[in-house]
Amino acid sequence: MTQYFDSSETRSQDQRTADLARALPAQIARAMAAPGIGALLAGVEPGAVTDRAALARLPVIRKSELGAAQKAAPPFGGFTTKPAHGFAHVFQSPGPIYEPGGMEHDWWRMGRFLHACGIGAGDIVQNCFGYHLTPAGMIFESGCRAVGAAVLPAGTGQTELQVRAAVDVGTTAYAGTPDYLKIILDKAEEMGERLAITRAAVGGGALFPSLRAEYAGRGIAVLQCYATADLGNIAYESPAMEGMIVDEGVIVEIVRPGTGDPVAEGEVGEVIVTTLNPDYPLIRFATGDLSAVMPGASPCGRSNTRIRGWMGRADQTTKIKGMFVRPEQVAQFVSRHPEVARARVIATREGEMDVMTVRVESPGTDPGHYEGAVVAALKMKGRIEIVPPGSLPNDGKVIEDLRKYD
């Protein structure tokens, strides 16, 4: 296996600037031909957008605008250059938000990350990302095809069967959320089985240093990526493990939250992404995530910009157990129970696992009364704590992340 996925990873900055000057106007023109995104970019002259400074003058597109457009013109809101039947897949993420998916070579650009993980021909990847409605499973499967690796489409759950399959098939690599691999490894030990997994490509949640160290102690090298259902791969770790290298198929800006104004290098701000995908040309799409640009280039030789990785949310939306929990979901839960004054979702960690606790201001005393409504609104189970009315802080928060990221 060669060191780099392709030559674009080691381009000089002059070459990147020249390539951007060619790619940006063409992508802006494609985006403006799509009626939904074209309406948001009305008046823009594509030929004038040839560098980052010009790009920064365009409006930021937020997920709320995408959602509103999809409701008006389902399923993609006029943000794609092909009709829904022109794609291989149509996915649904919480919201609901609909995303297209293609079978063309590495449509989500995940192969670059898997290559950096050392995954390729001869590997069998146990893909534990979900295949039901949401695109994560297919995103990683597409990347596996790009590097020539075989896939065991495992999804989540049924841990004993996961172990049995890993042993019988001889899986050599894992793809999934950071903490689910520990569940599989612990179950394998309990069953007296030894797995052949030596590499792991993870995403969908924070890879805490203590968990990475535990995997290293078990002989498993773990790298993480930063990707979304809308944009595909945004940035990824290399074996140097010094920040995350921006993917070659996107342009990343870090802006002051609530604006579209780029911040100085090193300053924490919101991640804004422009994708060069011709089928789904999202321009200055706001992720709601926080990060910062790191100075210099990676010691691994890849020359693109590095970011510090995921550093929290610009809004209160929080990823727990690999799923986003949004303020509107908490409001939905409260609205279903007239006796509930307020509720707060709290994210913590216990034993290297995400834990979601829902504190409910209610005169009631039975947490079980709310279990079904919590699952229906938040799409996952969690602890429920009943607290007296008026006891939650009056600070406007409905989601609080108490996990430590350093």
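Trainee: What radius of gyration does the chain have, and what would a compact globule have?
Mentor: This is a predicted model. A compact globule of 406 residues would have a radius of gyration near 22 Å. The value for the chain agrees with that expectation, for the chain has 22 Å.

Trainee: What box do the C-alpha atoms of the chain fill?
Mentor: The box is taken along the principal axes. Its dimensions are roughly 65 × 50 × 45 Å.

Trainee: What percentage of the 406 residues count as buried?
Mentor: A residue counts as buried when its relative accessible area is under 20%. By that criterion, the buried share of the chain is 51%.

Trainee: How many helices and strands does the chain have, and what percentage of its contacts join residues at least 24 apart?
Mentor: The chain is built with eleven helices and 20 strands.

Trainee: What is the volume of the second largest pocket, and which residues are the closest to its centre?
Mentor: The second largest pocket has a volume of about 680 Å³. Its lining is made up of 29 residues. The closest to the centre are Leu207, Gln224, Arg308, Gly309 and Trp310.

Trainee: Which element gives the largest share of that lining?
Mentor: Two elements give two or more residues to the lining of the second largest pocket: helix H9 (209-217) and strand S7 (221-228). The largest share amounts to five residues. The element that supplies it is S7.

Trainee: Into which classes do the lining residues of the second largest pocket divide, and from which domains are at least three residues drawn?
Mentor: By class, the lining comprises 14 nonpolar, seven polar and eight charged residues. By domain, at least three residues come from each of domain 1 (13-313) and domain 2 (318-401).

Trainee: Where are cis peptide bonds found, and what is omega in each?
Mentor: Most peptide bonds are trans. Pro96 is placed in the loop between S1 and strand S2 (97-101). The cis bond there joins Gly95 and Pro96, with omega about -5°.

Trainee: What is the phi of Leu133, and is this residue buried or partly exposed?
Mentor: Leu133 sits in the loop between strand S3 (124-127) and helix H6 (136-147). Its phi is near 70°, a positive value in a residue other than glycine. Because its relative accessibility is 45%, Leu133 counts as partly exposed.

Trainee: What is the phi of Met241, and is this residue buried or partly exposed?
Mentor: The loop between strand S8 (232-236) and strand S9 (244-246) holds Met241. Phi of Met241 is positive, near 50°, and Met241 is a residue other than glycine. With a relative accessibility of 42%, Met241 is classed as partly exposed.

Trainee: Is Asn277 buried or exposed, and with which residues is it in contact beyond its neighbours within four places in sequence?
Mentor: Asn277 lies in the loop between strand S11 (269-275) and strand S12 (285-291). Its relative accessible area is 10%, so Asn277 is buried. Leaving aside neighbours within four places in sequence, Asn277 is in contact with Gln27 and Trp107.

Notes: Residues numbered from 1 in each chain as written. Predicted model: local features only at pLDDT ≥ 70, side-chain atom pairs only at ≥ 80, totals over all residues. Heavy atoms only, no water. 1 Å grid on protein atoms, 1.4 Å probe; cavity = no way out; pocket = protein on both sides within 12 Å on 5 of 7 lines; lining within 4 Å. Points joined across faces, edges and corners; volume = space filled by probe spheres on them. Helix = DSSP H or I, 4+ residues; strand = E, 2+ residues; numbered from the N terminus. Nonpolar A, V, L, I, M, F, W, Y, C, P; charged D, E, K, R; others polar. Domains from an automatic or database assignment. Buried < 20%, exposed > 50% of the residue type's maximum accessible area, 1.4 Å probe, protein only. Rg over C-alpha atoms; globule rule 2.2 N^0.38 Å. Contact = heavy atoms within 4.5 Å.
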